[in-house]
Amino acid sequence: MSIRDQIRKGSTTLLILAVLSEEPMYGYQISRELARRSGGYFDMKEGLLYPLLHRMKREGLVSSQWQTVSGARRRKYYAITKAGLEALQEQAQEWQMFMSQLQGVLAGVNLS
Amino acid sequence: MMSEQDSHLSIESALRQIAAGLRLSSQTERELLEEIRGHLEDAVDDAVRRGQDPDDAVREVGERFGVAVVAEALQDEHAPWESADAIVACILPVAGALILRWLTFVPAGSAAGWGFLLLRPSLWVVSVLVLAASLLYYHRWRYALAVWGFFWALSLIFVAF
């Protein structure tokens, strides 16, 4: 597994929580938003978003609700919960600390 | 060039491929496939709006979605909980009904009957506990009431015989 894949695997929950902290979204919308904000860096099989969302729902980090959008077509909207917001704060701080320490270590590395 | 009906058929084929890899309850599968269908339709619509050929759009969307791998991931995520749901749905009413049956017998071992049972607070405590436990576990009245109904059906059988 590449470093990018490892980082993505460890941070996907955080990314989804960050996107949902602004407004409830449906799966495709979350996927597009993640791609847009990261410029495709965190690109993954879009379908794998759903098992992750369902696990986050089971863990109480998000809630979901079906909404009829047109005719008989429905979309399942996901919204961040209070526990999700707390997890977002905690994970975001942890990642900031991680990146800060990592940059400190890498400061002396010649990347050219 | 692929027509809208053809692209719909291709989405159906992707959904069938995913459904073939799922062994979950019919309701769970129905909801998962409805959610995935919406995603695929939105993605194809977006691609066609951007000027992509519908044929290519369906193929690309399918690849990007990971039709081949998503069923396994969904199955892995949901199957353990479906098993747990089934176990709880069996254990809760059976345990409740057995406790209730035990309560119907007076210390001498003779059956007290419903007349006696209905006056005992423990009957209502057990009954409410079974309902509350199901509701806490499933978070849905429909499921909790189904478990509760099963509990009462078993209780009627256990106490009567």
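I count a salt bridge where a side-chain nitrogen of Lys or Arg lies within 4 Å of a carboxyl oxygen of Asp or Glu. The model I am reading is predicted.

**Entry 1: chain B against chain A**

I applied the salt-bridge rule to the two chains and got seven salt bridges between chain B and chain A. I looked up one of them, A:Arg73 with B:Asp42, and its closest N and O atoms are 2.7 Å apart.

Next I asked which helices of chain B supply the side that touches chain A. Helix H2 (26-49), helix H3 (54-65) and helix H4 (67-103) each give at least two residues. H2(B) has the largest share, with 11 residues. By class, I noted eight nonpolar, four polar and 10 charged residues on this side of chain B.

I also looked up the extent of the contact. It takes 22 residues from chain B and 21 from chain A. The buried area is about 2,000 Å², and carbon and sulfur atoms give 49% of it. B:Glu35, B:His39 and B:Arg64 supply 30% of what chain B buries here, more than any other three residues.

**Entry 2: inside chain B**

I turned to the domains of chain B: domain 1 covers 4-65 and domain 2 covers 79-160. Five residues from each domain make the contact. The two domains bury about 340 Å² between them, with 27% on carbon and sulfur atoms. One residue pair is in polar contact across their interface, both at pLDDT 80 or more. The domain 1 side has one nonpolar, three polar and one charged residues.

How values were computed:
Residues numbered from 1 in each chain as written. Chains lettered and ligands numbered in written order. Predicted model: local features only at pLDDT ≥ 70, side-chain atom pairs only at ≥ 80, totals over all residues. Heavy atoms only, no water. Domains from an automatic or database assignment. Contact = heavy atoms within 4.5 Å. Buried area = accessible area lost by both parts, 1.4 Å probe. Polar contact = N/O pair within 3.5 Å; in protein donor to acceptor, adjacent residues only side chain to side chain. Nonpolar A, V, L, I, M, F, W, Y, C, P; charged D, E, K, R; others polar. Helix = DSSP H or I, 4+ residues; strand = E, 2+ residues; numbered from the N terminus.
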